[in-house]
2 protein chains.
Amino acid sequence: MLQKVNIHDKLNQFSEHWNPKIVGELNHQHVKLAKLKGEFVWHKHDEEDELFFIISGELKIEFRDHNVMLSPGEFLIIPKGVEHKPVAENEVEVMLFEPISTLNTGDAIDSRTRPNLDEI
Amino acid sequence: MLQKVNIHDKLNQFSEHWNPKIVGELNHQHVKLAKLKGEFVWHKHDEEDELFFIISGELKIEFRDHNVMLSPGEFLIIPKGVEHKPVAENEVEVMLFEPISTLNTGDAIDSRTRPNLDEI
């Protein structure tokens, strides 16, 4: 029997920031949920395009030459190789779609790098 | 400059049922939006897993041995090879994630088969 996922139920199961949780897998891609607050690190993903879909809050994604502001119901696809830095002045809840191989900090290893994500 | 997508703006651009629109592409996957109403055809996708994420309305997905009811904020991943039939008593808005190769009616070719989807 197939199990549906309620993203709000899943978001209620954790509170930490910058630590995506795996909530689904299909076609070698992961569906993840994350809570973001503050400034992340500049990074890029050399091999993976990445989708940010905003569930709640306002997320700024900085690029080297422009910024994009995202609100609930909006998504942005960041092509592989493009440097970016997510910035959340207040808490933001996001759904992510990206290949299973994707590391959260891409090519920038720091204290927030999470090589092994929890499934919830 | 990267362009964000507002899914509500995109959903306002069409009204027909069972005709998914392409709104994004990443990692050889398409992000699609669709409006569903009524009963679809029984079908399966031999090579592709498929994700239904509910934006508005209530969607029943029938399987041969059980049904799953989906509400806004919920998603279901249907593994490749699994026969299913979406049924929407009232209009439902959904976001779909699936490989570029995915045909909406899978292995069941009928009048609602859409081999060439519009990008909006």
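Strand β1 (residues 5–6) of chain A runs antiparallel to β7(B), with 2 bridges between them; strands here are DSSP E runs of at least two residues, helices are H or I runs of at least four, both numbered from the N terminus, and pairing takes at least two DSSP bridges. Within this arrangement, Asn6(A) sits opposite Glu74(B) of β7(B). The model is a predicted one, so local features need pLDDT of at least 70 and side-chain atom pairs count only at pLDDT 80 or more, while totals for chains, interfaces and linings use all residues. Residues are numbered from 1 along each chain as its sequence is written, and chains are lettered from A and ligands numbered from 1 in the order in which they are written.

As for the wider contact (C-beta atoms, placed from the backbone, within 7 Å), 26 residues of chain B meet 26 residues of chain A. On chain B, the elements giving two or more residues include β1 (5–6), α1 (7–11) and β8 (85–99), but β7(B) has the largest share, with 5 residues. That side of chain B splits into 15 nonpolar, 7 polar and 4 charged residues (nonpolar is Ala, Val, Leu, Ile, Met, Phe, Trp, Tyr, Cys and Pro; charged is Asp, Glu, Lys and Arg; the others, Gly among them, are polar). The copies meet through the same surface, because 100% of the interface residues of chain B are also interface residues in chain A.

How values were computed. Two residues are in contact if their C-beta atoms, placed from the backbone, lie within 7 Å.
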